[in-house]
Amino acid sequence: MYCIRFLVFAQEEQTINEEQIALIAYVIFAVFLLSIMAILFFVTFQKRKSKLLLDQIKQQKVFDEEISRSQTEIQEQTLKHVGRELHDNVGQLLAFANMQLNALGAKVPEDIKGKVVETTQIVKDSLTEVRALSKSLNSDVLSNLGLEASIENELQRLKRMDFSATELELLGNKRELNDKKHEIIIFRILQEFFSNSVKYSEANEIKVILDYQENQLIIKASDDGIGFEIPSAEKGSGLINMQARAELIETQFNLESAIDKGVTLTLVYPFA
């Protein structure tokens, strides 16, 4: 009788242990399942958060690009208008003045003819300068001329103004850029560089190299001026404008300079 009771008690205890083990297993499984769900929820939340942040960054980038593009288009329209006004109005007035002076030169006394001839030459040079400047401002003319001819025209204009020597060097096999508008943007970047050289560099020579490679066009513009410390120019509107234009056409932009070492601008334009 005692043995029977012991066996029953042992069976009951074994059943309780099995139930406890099963309960513990269920609890562990539930905790494990909840942990998996929590991890999945956290990962999903982080992914959504990251996606939202990336979307915001992309939207901000698109917005900034649109603002920069709009500013560029407004500037181009303004420059085009000024270029046309120079060509059509100022150019015509100078051409008429040149004709009048030529006619006057045949009638004036010999003692003042030299001054008339000198004045005529000044007006003629001014007319040449106005026509060259009108070309460099009008994007339609630049588009028709092409990048190389536009740069050459600008360098010749600078040579007449401030520099003792200018040079355009071409390397590799010429290729068309991905878009005609990109030629205008690159030219405007170079034009900003030339303008800064005229204003600040005290340079005598300026050189531009167009290196056509298989996948990219490397453009280097340099002067032999007094140079400057790069940090001092990083907040300048000229540098900001050049960088913003380069970003519009996904072009690498690098400006190098040091005191008494001149300035070198490097643009790396990727072909499509």
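Reader: Let us start with a detail. What does the side chain of Thr-44 reach?

Author: The side chain of Thr-44 reaches the backbone oxygen of Leu-40, at 2.7 Å. Please keep in mind that this is a predicted model.

Reader: Where is Thr-44 placed?

Author: Thr-44 is in helix H1, which covers residues 2–105.

Reader: Let me step back. How many helices and strands are there in the protein chain?

Author: The protein chain has seven helices and five strands. Read from the N terminus, the order of the elements is α-α-α-α-β-α-β-β-α-α-β-β.

Reader: And what percentage of the residues counts as buried?

Author: Buried residues make up 31% of the 272 residues of the protein chain.

Reader: Turning to helix H2, what span should its residues have?

Author: Helix H2 runs over residues 110–137, and at 1.5 Å a residue its 28 residues should span 40 Å. The C-alpha atoms at its ends are 41 Å apart, which agrees.

Reader: Which residues of H2 are buried?

Author: Among them are Val-116, Thr-120, Val-123, Leu-127 and Val-130. The buried residues of H2 also include Glu-129, Ser-134 and Ser-136.

Reader: What about the span of H4?

Author: Helix H4 takes in residues 147–161, and its 15 residues should span 21 Å at 1.5 Å a residue. Its end C-alpha atoms are 21 Å apart, in agreement with that value.

Reader: And which residues of H4 are buried?

Author: They include Leu-147, Ile-151, Leu-155 and Leu-158, and also Glu-148, Ser-150 and Asn-153. Glu-154 and Arg-157 belong to the buried residues of H4 as well.

Reader: What do Glu-154 and Arg-157 form?

Author: Glu-154 and Arg-157 form a salt bridge, in which the closest N and O atoms are 2.8 Å apart. The two residues are three apart in helix H4, about one turn of the helix.

Reader: How many salt bridges are there by this rule?

Author: The count is three salt bridges. One of them joins the side chains of Glu-169 and Lys-207, at 3.1 Å from N to O.

Reader: Why does Glu-169 count as partly exposed?

Author: Glu-169 counts as partly exposed because its relative accessibility is 25%. Lys-207 is at 27%, so this residue counts as partly exposed too.

Reader: Which residue forms a salt bridge with Lys-180?

Author: Lys-180 forms a salt bridge with Glu-183, with the closest N and O atoms 3.6 Å apart. Both residues lie in helix H5 (residues 180–201), three residues apart, about one turn of the helix. Lys-180 counts as partly exposed at 40% relative accessibility, whereas Glu-183 counts as buried at 7%.

Reader: Now the strands. Do S1 and S2 pair in the parallel or the antiparallel sense?

Author: S1 and S2 pair in the parallel sense, over seven bridges. Leu-170, for example, stands opposite Leu-210 in S2.

Reader: What do S1, H5 and S2 make?

Author: Together S1, H5 and S2 make a β-α-β unit, and the unit is left-handed.

Reader: And how do S2 and S3 run?

Author: S2 and strand S3 (residues 216–223) run antiparallel and are joined by seven bridges. Asp-211 has Ile-218 in S3 as its bridge partner. A hairpin of three residues joins S2 to S3.

Reader: One last topic: how many aromatic pairs does the structure hold?

Author: The structure holds two aromatic pairs. In Phe-193 and Phe-194 the ring centres are 6.2 Å apart and the planes stand at 65°, so this pair is edge-to-face. Phe-193 is buried, with a relative accessible area of 4%, and Phe-194 counts as buried at 0%. Tyr-269 and Phe-271 also form an edge-to-face pair, at 6.0 Å centre to centre and with 85° between the planes.

Reader: Are Tyr-269 and Phe-271 buried or exposed?

Author: Both Tyr-269 and Phe-271 are buried.

Terms used:
Residues numbered from 1 in each chain as written. Predicted model: local features only at pLDDT ≥ 70, side-chain atom pairs only at ≥ 80, totals over all residues. Heavy atoms only, no water. Helix = DSSP H or I, 4+ residues; strand = E, 2+ residues; numbered from the N terminus. Expected span 1.5 Å × (residues − 1). Buried < 20%, exposed > 50% of the residue type's maximum accessible area, 1.4 Å probe, protein only. Polar contact = N/O pair within 3.5 Å; in protein donor to acceptor, adjacent residues only side chain to side chain. Salt bridge = Lys/Arg side-chain N within 4 Å of Asp/Glu carboxyl O. Pairing = 2+ DSSP bridges. Right-handed = clockwise from strand over helix to strand, strands pointing away. Phe/Tyr/Trp six-rings, centres within 6.5 Å; stacked < 30°, edge-to-face > 60°.
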